[in-house]
Amino acid sequence: MDQDFDAFDALFLVDVDDEDGRHDQTLSFSRSPTVLLTFAANRFTRAAARRYSEIFGIGAVDWRLLVMLTRRPGATVTEAATTIGIDKGAVSRCIARLEAKALVEKGDLHANGRSRGWWLTDAGRELHARILREALDRQRVLFDGFSPDDIAAFNGYLTKFLGNLDRLSEPD
């Protein structure tokens with residue numbers, strides 16, 4: 001393969017040879033932050049979903065929405081989708097699950113006639129409080145060995161990364 005990668009790109013690449021003697025370059029599993037972030041996010045979400053389902057009967061996206069509506073009561077599906085970073089259809093399905101469990105309630109239609117805000121019910125707030133304790137316990141394990149400065153730096157890197165990610169999502 002004859003691709004011209006610059007020195008910056010080379011930081012993230014690994015050379016691979018297959019059994020037919022072909023040579024390629026691809027992303028490294030251990031040196032590419034985007035690969036590591038994806039792997040970590042997938043494993044974290046899968047483990048959280050399994051744990052929250054076993055204990056509380058809800059999934060990871062449901063938990064994210066409980067957090068979202070605790071932080072921003074009255075958020076619309078569009079606001080939640082933008083903040084959480086998942087599509088509106090997934091948020092709508094999540095809202096339907098939570099509404100069926102009487103964990104959220106809808107507000108009146110907004111002036112546009114299409115969107116409405118959502119609020120946690122008392123049962124939703126109580127479930128949020130229970131899961132929050134579990135989430136904080138899990139977070140303590142995940143950040144074992146990290147100093148407060150390490151965590152602040154990590155949050156700073158992720159915030160900068162998200163800002164750059166937003167630039168990739170902007171229309172040309």
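**Close-up 1. The lining of the largest pocket, by residue class.** In this predicted model, the lining of the largest pocket divides into 28 nonpolar, 11 polar and 6 charged residues. Here Ala, Val, Leu, Ile, Met, Phe, Trp, Tyr, Cys and Pro count as nonpolar, Asp, Glu, Lys and Arg as charged, and the others, Gly among them, as polar. The pocket holds about 2300 Å³ of space, a volume being the space filled by probe spheres set on grid points that are joined across faces, edges and corners. Of its 45 lining residues, L37, A41, F44, R64 and L158 are the closest to the centre. For the record, a pocket is an open set of points, on a 1 Å grid over the protein atoms alone, where a 1.4 Å probe fits, with protein on both sides within 12 Å along at least five of seven lines; lining residues have an atom within 4 Å of a point.

Before moving on, a word on conventions. Residues are numbered from 1 along each chain as its sequence is written, and side-chain values use heavy atoms, with hydrogens and water left out. Local features need pLDDT of at least 70 and side-chain atom pairs count only at pLDDT 80 or more, while totals for chains, interfaces and linings use all residues.

Close-up 2. Two or more lining residues come from each of α2 (33-56), α3 (60-71), α4, α6 (122-142) and α7 (148-169). Helix α2 gives the largest share, 15 residues. Helices (H or I, at least four residues) and strands (E, at least two) are DSSP runs, numbered from the N terminus.

**Close-up 3. Helix α4 against helix α5.** The axes of α4 (residues 77-84) and α5 (residues 88-100) come within 9 Å and cross at roughly 115 degrees. Axes are lines fitted to C-alpha atoms, for helices over the stretch in contact, with angles from 0 to 180 degrees between N-to-C directions. V77, T78, A80 and A81 of α4 meet K88, V91, S92 and I95 of α5, where contact means heavy atoms within 4.5 Å. These residues divide into 5 nonpolar, 2 polar and 1 charged.

Close-up 4. Strands β1 (residues 13-17) and β2 (residues 23-27) pair antiparallel over 5 bridges; pairing takes at least two DSSP bridges. V14 has T26 as its bridge partner in β2. Between the strands lie 5 residues, and G21 takes a positive phi near 85 degrees.
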